[in-house]
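Visitor: Please take one part of this model and go through it closely. I would like to hear about the charged side chains and what surrounds them.

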Amino acid sequence: MTLAEAAAQGDELAQSGSERELADLRTKWADDLESAARSSDFRERAVAFRAIGQFRWRAKEELLRRGLDDESPACRGSALLSLELLSRDHPSTINSVRAQLHTLATADGNAAVRRLAILCLKNGSAERNTIVLLEGLAADDEADAELRRTAGGVAQHLKKKQAKRS
């Protein structure tokens, strides 16, 4: 079994609520995941960063932070996919990397990475600076249409979230 296959199995176990089996699978694959995350091959690193989310492995969030700085867009994208998955019920996951997400959303050279960073922000707290940033991206006529649409949608979502708190 490969790390990617084990991660897919971990995702199934997490979705079914099989916590004990998931913990056993994490233990079995911990060393392989760590090794892959440090590999010189970007494909192996991308699989490792994606696996962290599929395993629902909160203890590996520091590895994801490193993945956000990876030179490879595939690795940054995989780390963002895992962050989004881990943050659905835990806004602190996003809040702890908000500055990095702001930078990726505005300045990354890869459009898909920028959109993924924006989508991650929707799971964080509704902070004013994030809403302003997203509204600015949505209004930028020089930005990609899909990026503007994504930024506008997430900004609206965060405004609604903010209104519910008030």
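Guide: A polar contact here is a pair of N or O atoms within 3.5 Å; within protein, one atom must be able to donate a hydrogen and the other to accept it. Keep in mind that this is a predicted model.

Start with Glu34. Glu34 sits in helix 2. Its side chain and that of Lys60 are joined by a polar contact of 2.5 Å. Glu34 counts as partly exposed because its relative accessibility is 23%, and partly exposed covers the range between under 20% (buried) and over 50% (exposed). Setting aside neighbours within four places in sequence, Glu34 is in contact with Lys60 and Leu63. Glu34 and Leu63 are 29 residues apart in sequence, yet their C-alpha atoms are 8.5 Å apart in space.

Now the salt bridges. Side chains of opposite charge can pair when their charged atoms come close. The whole structure holds 15 salt bridges. One of them joins Arg65 and Glu62, at 3.1 Å from N to O. Both residues lie in helix 4 (residues 61-68), three residues apart, or about one turn of the helix. Arg65 is partly exposed, at 23% relative accessibility. Glu62 is partly exposed too, at 44%.

Arg88 and Glu84 form another salt bridge, with 2.8 Å between the closest N and O atoms. Here the partners sit in opposite classes. Arg88 is exposed, at 54% relative accessibility, whereas Glu84 is buried, at 13%.

Next comes Arg115, which forms a salt bridge with Asp144; the closest N and O atoms are 3.5 Å apart. Arg115 lies in helix 8 and Asp144 in the loop between helix 9 and helix 10, so the pair ties together parts that are 29 residues apart in sequence. Arg115 is partly exposed, with a relative accessible area of 23%. Asp144 is also partly exposed, with 39%.

Asp144 caps the N-terminal end of helix 10, with a side-chain oxygen 3.2 Å from the backbone nitrogen of Glu146. Helix 10 (residues 145-165) has 21 residues. From first C-alpha to last it reaches 31 Å, close to the 30 Å expected at 1.5 Å a residue. Its buried residues are Leu147, Thr150, Ala151, Gly152, Val154, Ala155 and Leu158. Their cover includes helix 8 (111-121) and helix 9 (128-139).

Take Thr150 from that list. Thr150 is in helix 10 and counts as buried because its relative accessible area is 13%. Not counting residues up to four places away in sequence, Thr150 touches Arg115, Ile118 and Leu119. Arg115 is the residue that also pairs with Asp144.

Finally, the nonpolar side. In soluble globular proteins, nonpolar side chains tend to be buried together. The largest nonpolar core here has 47 residues, and Leu33, Phe55, Leu80 and Leu134 touch the most other members. Helix 2 (residues 19-37) gives the most to this core, with seven residues. Glu34 belongs to helix 2 as well. Beyond its neighbours within four places in sequence, Phe55 has contacts that include Leu3, Leu22, Leu25, Trp29 and Leu33. Arg26 is also among the contacts of Phe55.

Definitions and conventions. Residues are numbered from 1 along each chain as its sequence is written. This is a predicted model: local features need pLDDT of at least 70, side-chain atom pairs count only at pLDDT 80 or more; totals for chains, interfaces and linings use all residues. Side-chain values use heavy atoms; hydrogens and water are left out. Helices (H or I, at least four residues) and strands (E, at least two) are DSSP runs, numbered from the N terminus. The expected span of a helix is 1.5 Å times one less than its number of residues. Buried means under 20% relative accessible area, exposed over 50%, partly exposed in between (1.4 Å probe, protein chains only). Contact means heavy atoms within 4.5 Å. A salt bridge is a side-chain nitrogen of Lys or Arg within 4 Å of a carboxyl oxygen of Asp or Glu. A nonpolar core is a set of buried Ala, Val, Leu, Ile, Met, Phe, Trp, Tyr and Cys residues joined through side-chain atoms within 4.5 Å.
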